[in-house]
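The sequence and structure are shown first.

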Amino acid sequence: MFAAAGGLSLVPQPFDGPAAAAVAKHASRYRLPLRRRSLFPGRAACAARPATSGGSGVDQEEASREEASRIGDADPRQLRRSADWRAARAYKDSGVLFDGKIEAFNNGGLLIRFYSLLGFLPYPLLSPSHSCKDPSRTIQDIAKDLVGSSISVKVIEANEEEKKLIYSEKDAAWSKYSSQINVGDVFDGIVGSLEDYGAFVHLCFPDGYYHLTGLVHVTEVSWDLVQDVRDFLHEGDEVKVKIIQIDKEKSRINLSIKQLEDDPLMETLDKVIPQEGQLVSDSIDTSSSMNIEPLPGLDSICKELLQEDGISDVRLGRQGLEKRVVSQDLQLWLSNVPAKDKQFTLLARAGRQVQEVYLTTTLDQDGIKKAVQRVLGRVP
């Protein structure tokens, strides 16, 4: 139904409340005539008008009658479609959500009714809540089950000339649920698409549905060096993520997996090698340190560290054997104690072997960490 009060309203009825007010604000200037009589006066009224220099009163009357005849002969269905296109533009301008019925689907998306118009919702703009229910189902199977149901969407394009009416359910979900997230929140998620620059993860809300999607950048996947995100994550993996940034203007969420774990490069050295005067822990045996072979590759790393700006001296310190194996590969760990008097200590570990590496540096902890990561990237 359409409201008719002196003309055909462009805002479909019925609906009320704030949504109606928002759309009506954008649509109020668009009106079309319902009756010829409401726009064009009778013959007597026309004849009563004084003649002007542009033509006689009879000429004016004849022109009015021709215009009335033209509008009176217009196709009512076309008038309604024009009104609906203007209403669609009003929804787009206002950002008000629209509940539309899904009438059909094709290989590209869903066909959704907007009164006398039929709009299109591309599959990539569907909310992840549909596919996350059963990741093994194809998008066509999901679409088939959605036919006949209603869906809340935003109108993101309404072009009458090109006959393009496009919806987005993702934008509608952002409007509904973005206010429920904050930086620092931790969510269960499901890994969606994987790109060279990171992984998109769908966030599970308390209602059990996956309403929003965020990006775990390749640098936030793991504390280890990640050259290909596909080596660490796969589509459909269940993960825990932390929200580290929200851009409301661009409707973007940045996530992190690694920030839910302690940085392994910030291990306290005292947990592995006690300082002088402290009791030796059960995890280390220094009695046979004189017989320990040098860690393979450590000399090359020390030489590379000297090439880094801010590091003026590198020398080896104490050795020991751990009771457990952390990794067979050579690793460098950082102390979580800040450098003091330009002295800083690294911990080299491989298998059960462990050795301190002393740095003379003007770098802070973050600078040392980046220098170590650059060196490990250069040394085979």
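Helices (H or I, at least four residues) and strands (E, at least two) are DSSP runs, numbered from the N terminus. The model is predicted, so local features need pLDDT of at least 70 and side-chain atom pairs count only at pLDDT 80 or more, while totals for chains, interfaces and linings use all residues. Residues are numbered from 1 along each chain as its sequence is written, and side-chain values use heavy atoms, with hydrogens and water left out.

Helix 7 spans residues 139-146, and Ile142, Ala143 and Leu146 in it are buried (under 20% relative accessible area; exposed means over 50%, partly exposed in between, with a 1.4 Å probe and protein chains only). On the other side of helix 7, Lys144 and Asp145 are exposed.

Aromatic rings of Phe, Tyr and Trp (its six-membered ring) pair if their centres lie within 6.5 Å; planes under 30 degrees apart count as stacked, over 60 as edge-to-face and the rest as tilted. By this rule there are eight aromatic pairs. The rings of Phe98 and Phe114 are one of them, with centres 4.6 Å apart and planes at 45 degrees, so the pair is tilted. Phe98 in strand 4 and Phe114 in strand 5 are 16 residues apart. Tyr91, Phe98, Phe114 and Tyr115 form one aromatic cluster.

| Residue | Relative accessible area | State |
|---|---|---|
| Phe98 | 5% | buried |
| Phe114 | 0% | buried |
| Phe187 | 9% | buried |
| Phe205 | 4% | buried |
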